[in-house]
Amino acid sequence: MGSPIIASITNEEQLSHVWSASLSRVILMTGDITTLGDIVRQLHSMDKQVYVHMEMVNGLGRDASAVHYIAREFGVDGIVTTKSHIIAAAKQAGIRSIQRVFAIDTAAVETGIRLTGTSKPDEVELMPGLMPRIIREVKAKVNRPLIVGGLIRYEEEIQEALDSGADYVSVGHPSFWT
């Protein structure tokens with residue numbers, strides 16, 4: 001496994017920090033349909049895998065057509081979504097998928113685990129990533145690589161998430177990308 005850090009790019013200014021970063025993956029949560037192609041080409045030229053968050057990039061529909069379009073037109077490596085039907089569309093389009101699950105309470109965690117069992121994404125992202133016990137429990141039940149993210153501010157939190165069973169940690173601050 002390469003770097004366990006995944007850059008969560010939430011604004012275009014962060015792209016300049018990715019150039020020197022040793023990480024290999026980014027989750028793109030900025031831009032819009034008119035700038036997406038240029039951003040993906042720029043990131044691919046840096047040998048970065050690009051996952052597009054379907055609910056965060058403006059101008060993308062939340063349907064199978066949008067997934068097929070960005071796979072075909074922009075060559076994205078994968079998508080991130082909270083929607084199970086979008087996971088199925090990614091499989092049909094031949095790209096990877098990450099299903100994002102929000103752990104707001106026990107019912108939400110159980111629902112997220114059930115949905116990932118049905119949709120079978122390539123990876124699962126658990127938000128927020130500051131809950132060691134929940135990370136361990138979800139990792140044991142999803143049978144997929146586990147990404148955690150959200151609210152992570154310190155190196156110790158990254159290490160604690162990895163020690164708790166996370167395979168990757170998505171963080172938005174460029175200081176963690178090197």
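The model is predicted, so local features are reported only at a pLDDT of at least 70 and side-chain atom pairs only at pLDDT 80 or more, while totals for chains, interfaces and linings use all residues. Residues are numbered from 1 along each chain as its sequence is written, and side-chain values use heavy atoms, with hydrogens and water left out.

**The whole chain**

Begin with the C-alpha trace, which spans about 40 × 35 × 25 Å along its principal axes. The radius of gyration is 15 Å, which agrees with the value near 16 Å that a compact globule of 178 residues would have; here the radius is taken over C-alpha atoms, and the globule rule is 2.2 Å times the number of residues to the power 0.38. Colouring by secondary structure brings out seven helices and eight strands, where helices (H or I, at least four residues) and strands (E, at least two) are DSSP runs numbered from the N terminus. Of the 178 residues, 50% count as buried, a word that stands for under 20% relative accessible area, with exposed meaning over 50% and partly exposed in between (1.4 Å probe, protein chains only). Among contacts (heavy atoms within 4.5 Å) between residues at least 6 apart in sequence, 51% join residues at least 24 apart.

**Helix 2**

Select residues 36–45, which form helix 2, and within them Leu 36, Gly 37, Ile 39, Val 40 and Leu 43, which are buried. They cover an arc of only 165° around the axis, which puts them on the same side of helix 2; the arc is that of the directions from the helix axis to the C-beta atoms. An α-helix has 3.6 residues a turn, so residues three or four places apart point the same way. Just after helix 2, Asp 47 takes a positive phi of about 60°.

**Helix 3**

Next select helix 3, in which Ala 66, Val 67, Ile 70, Ala 71 and Phe 74 are buried. These residues cover an arc of only 130° around the axis, which puts them on the same side of helix 3, whereas Ser 65 and Arg 72 are exposed on the other side. The buried residues pack against helix 2, strand 3, strand 4 (78–81) and helix 4 (84–93). Just after the helix, Gly 75 has a positive phi of about 65°.

Stay here and show the rings of Tyr 69 and Phe 74, which form an edge-to-face pair with 5.6 Å from centre to centre and 85° between the planes. This is the one aromatic pair that the structure holds, given that rings of Phe, Tyr and Trp (its six-membered ring) pair if their centres lie within 6.5 Å, with planes under 30 degrees apart counted as stacked, over 60 as edge-to-face and the rest as tilted. Tyr 69 is partly exposed at a relative accessible area of 35%, while Phe 74 is buried at 15%.

**The nonpolar cores**

Now show Ile 9, Leu 36, Leu 43, Ile 70, Leu 126 and Trp 177, which touch the most other members of the largest nonpolar core, a set of 52 residues. Such a core is a set of buried Ala, Val, Leu, Ile, Met, Phe, Trp, Tyr and Cys residues joined through side-chain atoms within 4.5 Å. Helix 3 contributes the largest share of this core, five residues. A second, separate core of eight residues includes Ile 27, Ile 98, Ile 147 and Tyr 168. The ring of Tyr 168 has the charged end of Arg 25 over it, 4.7 Å from its centre; the criterion is NZ of Lys or CZ of Arg within 6 Å of the ring centre and within 35 degrees of the ring normal.

**Loops to inspect**

Finish with the backbone. Met 127 and Pro 128 are joined by a cis peptide bond with omega of about -15°, and Pro 128 is found in the loop between strand 6 (123–127) and helix 6 (132–142). Lys 120, in the loop between helix 5 (106–119) and strand 6, has a positive phi of about 55° although it is not a glycine, and counts as partly exposed at 43% relative accessibility.
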